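Good morning, and thank you for coming. Please look first at the sequence and the structure, and then I shall go through several parts of them in turn.

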Amino acid sequence: MLGKTANGLYWMFRYLERAENTSRLVETGEWIALTRMGATDAEWRSVLQTAGSVEAFDALHEATTKDAAIDWLLRSKDNPSSVLSVICAARQNARLVRTALTHEVWEATNSAFMEAKQLLGRKIPERDLPEVLGKIRQKTALVRGATHGTMLRNDIYDFARIGTFLERADNTARILDVKYYVLLPSVMSVGSSIDNIQWETILRSVSARGGFRMSYGSMLNPRDIAQFLILDKRMPRSLGFCVGKIRDNLGYLAADYGEEPPSCEVVTRIADEFLSQDIEAIFRYGLHEFIQRVLGHLHALGAQIEIDYRFSE
Amino acid sequence: MSEHAHFDEMWGRDNVLRRPYQNFHSWFDVEDPKRLRNKQREAEELFRLTGITFNVYGRAEAEERLIPFDIIPRIISGQEWQKLCRGIEQRVRAINAFLHDIYHGQEILKSGRVPVDMIANNEAFLPQMMGVDPPGGVYTHIVGIDLVRTGDDQFYVLEDNARTPSGVSYMLENRETMLRMFPELFSQNRVQPVQDYSRDLFRSLAASAPMGAGPNPTVAVLTPGIYNSAYYEHAYLADQMGVELVEGHDLRIVDGRVAMRTTRGYAPIDVLYRRVDDDFLDPLNFNPESQLGIPGIMDVYRAGGITIANAPGTGIADDKAIYSYMPEIVEFYTGERPLLENVPTWRCSDKESLAYVLDNLADLVVKEVHGSGGYGMLIGPAASKKELAEFRAKLEARPGNYIAQPTLSLSTVPIFGRKGLSPRHVDLRPYVLVSPNGIKITPGGLTRVALKKGSLVVNSSQGGGTKDTWVLED
C-alpha cells in the first residue's frame, strides 16, 4: 500500500469520527441550553473549548452566542473542524484513496458528503436542528457500517481503524479535560441538580447514558463516570477501549508486515502506564494532570505512526 | 418529416428505421415516457452518487460537474464495426511506425512526404526521445480515434488521440448504468460487451513491460492529482485494474528504478500508465517547474528500466498539423490505401490555403493546431460577424497556429427529452489498446452528443453529453 494511501485512510476516518463527535457536542450543548439550568453562554464556551476552536472562534466573533457557536461548529467554512468542513475533508481523502475503498464505502461517503452539503448549506433554524444532527450521524454511521461489512481485514482496514480510535480517544480526553473539575470529589455541592446536569452532559456528549445505567444504575457519581470514560473496557468511547483498539490494529499491522515499529512501543506504554491503574490512583495523581498527559501521548502516538508507515516524504 | 438534412443513425435520411435500431425501437415505442423520464433522473442520481464528475478548468476547485447522460443508446451494427476496426487498426499501426521512424531514421522526412519543419518546429516533438527504443517497440499503448459519420457508409477520422486519451470510464459507466436501468434491453439485443476493457488494459500494459520485469510486472497509474479534470477516471482505472494510483510525490528513483513510497518502503514499478503530459513528466528533463513529475524518470526510461505508457513524445503523431498528413503517413508505412478517410484539411501555414480559408471563413471550422477540448475553435456557420472578424485577425497574426476544415454534416442520433426523441449531432471515440501481442479494439466507445439543437460541439467542457454505444453481434 502507498504511504499516501495509509495517510488518506487514516485522515478520512479521523474526519468522519470528528464529524460525529462534533455533532454530538452540539446536541449536548443544545440540550443544556434547553434545560436552562446552567449559564448557557458559559456552556457554549466549554463546547467550543472541547472542540478545540475557542481561539479561532474568538478571532472572528465578538461575543459567544448560541447561534454563532452552532453555526461555527456545524457549517462555518472558516472553521476547518466544522462538521461541514470535516465531511468535505473526509470525502476529499476518500477520493484520494478511492482504490483502497470498496464501492459501498465510497458511495456511503459520497452520499454523506452530498447530504451534508445540502443540510448544512444554509443557516439551520432551531426547529430543524435535531433532525439535521440526526441525519449527519446516520450518514456517518452508514460509512462505518459499510466499512465494517465490506472491507477486507487487511492493512487498509487497520489504518482506517487507527484513525477512528485516535480521533475518538482524543475527543473523549478533551471532553474530560474541559469538564474535569465537575468530577473532582472535593467540590462543595455534591449531588445538587447543577452537578447532575453537568454529569449528565458528560455522559451525553459521548452517547453513554444508557451504557452507564446498565453498568452502574441510575445514580450518577463522579467517580463512576470517570471510571466509565477512562478505564472501562466495554465502553466503546472510553480511553481504555480506544487505546486497546489502536494497540490491536498496530499489532495486526506489525504481524502483517513482519516488523514492529516504534509506534507499537508507544501505544503499549500508554496502555500500561496510564490505563491499567484503578480510578483512585488516577484521582490521587490528579485527574487534570492525568488527562493532559494522556492527550500529549496520544498526539505523539499519531506522529509516530505517520513516520513509521511513511505517510509522507 | 420528409428528408433530413443530416444523416440520422436511427432514421437514415428518408425516415426509414435503420436495421440496427429495429429491436430497440419496438421496445421504445411501447415504453411509458414518464417511466423513461424517471429513469433519466435515476441515471443522473447514480452518476452523482458514484462520483463520476469532472472538474471544469478555470472554475472553483471544488466545483464538480456531471456530464449529462442520455438514455437512448447509439447503435452500430457488427458489420459496420468490423469495417471501422480494419481502418482503425491500420491507422494505429501507421501511427506507431511513424513514431518509431520520427525518433530513429526519419525516412518519411527524407522521402519528402512530410516536411522537415513540421517536425523540427513542433513543440510535441521531443529530441530527448531520439534513438530511444520503448520496451516492446510500442509507442502508443492506448489510443482514442475520434470518428464522425456523415452517411450510411461514410466515416471520417476527426482527430487521433495518441497522448493520453480520456473518457473510457464513461464508456464503462454508461454501460453499467444502462445494464442497471434497462436489463430487458440487453436480453432483447445482442450487445457486444465492453466490460473487459480494464482487464485488457492491464494485460496490454503488463505485456509491454521492460525485458527484465519478470512474469508479474508491477503496473501503476500516474495521475496529476485529485484536482485534475479526469481524476475520477484515473482512480477508476487503477481500481478496476487492481493497481496503485500514484502521484509524482509518491515516486522517486531508487537504485536506478522508479519506485513508489509504500507503507513498507520503496517498491519498484515496471509499467507506468501515466495520465500526466510529457511536459510535466520529468522536471530534470522537461519543464523544470513541474510539481507533478518524477525527477530523473527519463533517464531510467532511456536505460530500459521502466515502460511509460504512452511513450513520451507521441504527441507528434496527433498534432492537428500532422493530422493533415495522415493519409500519406498511412500509405508510407503500410503500403496500403487508408481505409479510413481524413477530413479535408487546409493548413493555414500554407499561403494559398490561408487565402482560401480567409475567403471562406464563414463556411469553415477553424482549429488551433495544439488546442484541445473544443477551446479556441471557430465554427464559421455558427459564428457572429464580430467573432469572424476576431478570428480573421488571429489567423493573420499566427497562420501556422491554425488548420481549417469544411463544416461536416455530422450524423445525428436521437436524444430523449421533454418532447420525446429529437436528433442531435454525435461523434464516436473508440478505444484501442496496443501491446507487443497485438492490437485490441473494445467494441463500443464513447459517443459524445451535442445537447443543444443544431450544435456541432460535443465536448463535455462545452455542454456536450454522452450515450451508451452499442455494437451489435450480427
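Let me begin with the domains of chain A. The centres of domain 1 of chain A and domain 2 of chain A, taken over C-alpha atoms, are separated by 20 Å. Domain 1 covers 1-151 and domain 2 covers 153-313; such bounds come from an automatic or database domain assignment.

A word on conventions. This is a predicted model, in which local features need pLDDT of at least 70 and side-chain atom pairs count only at pLDDT 80 or more, while totals for chains, interfaces and linings use all residues. Residues are numbered from 1 along each chain as its sequence is written, and chains are lettered from A and ligands numbered from 1 in the order in which they are written.

How many residues of domain 1 of chain A are in contact with domain 2 of chain A? There are 27, and they meet 26 residues of domain 2; two residues are in contact if their C-beta atoms, placed from the backbone, lie within 7 Å. On the side of domain 1, H1 and helix H2 (40-50) of chain A are the elements that give two or more residues. Helices (H or I, at least four residues) and strands (E, at least two) are DSSP runs, numbered from the N terminus. H1(A) provides the largest share of that side, 17 residues. By class, that side of domain 1 has 12 nonpolar, 11 polar and 4 charged residues. Here Ala, Val, Leu, Ile, Met, Phe, Trp, Tyr, Cys and Pro count as nonpolar, Asp, Glu, Lys and Arg as charged, and the others, Gly among them, as polar.

Next, consider helix H9 of chain A, residues 193-204. At 1.5 Å a residue, its 12 residues should span 16 Å, which agrees with the 16 Å between its end C-alpha atoms; the expected span is 1.5 Å times one less than the number of residues. The buried residues of H9(A) are Gln198(A), Trp199(A), Thr201(A), Ile202(A) and Leu203(A). A residue is buried if 20 or more other C-beta atoms, placed from the backbone, lie within 10 Å of its own C-beta atom. These buried residues pack against H1, helix H8 (155-183), helix H10 (209-216) and helix H11 (222-230) of chain A.

We turn to the meeting of the two chains. The contact takes 19 residues from chain A and 18 residues from chain B. On the side of chain A, helix H1 (3-35), helix H5 (83-96) and helix H6 (103-119) each supply at least two residues. The largest share of that side, 4 residues, comes from H6(A).

Within chain B, Pro224(B) lies in the loop between strand S6 (219-222) and helix H9 (231-241). Why is Pro224(B) classed as buried? It is buried because 21 other C-beta atoms lie within 10 Å. Leaving aside neighbours within four places in sequence, Pro224(B) is in contact with Val276(B) and Leu292(B).

Finally, the strands of chain B. An open sheet of 4 strands has the order S14-S17-S15-S16, with antiparallel pairing; two strands pair if DSSP finds at least two bridges between them. Strand S14 (346-347) and strand S16 (378-379) of chain B are the edge strands, each pairing on one side only. Strands S15 (residues 364-368) and S17 (residues 402-406) of chain B run antiparallel and are joined by 5 bridges. In that pair, Val365(B) stands opposite Gln405(B).

How values were computed: Buried ≥ 20, exposed ≤ 12 C-beta atoms within 10 Å, placed from the backbone.
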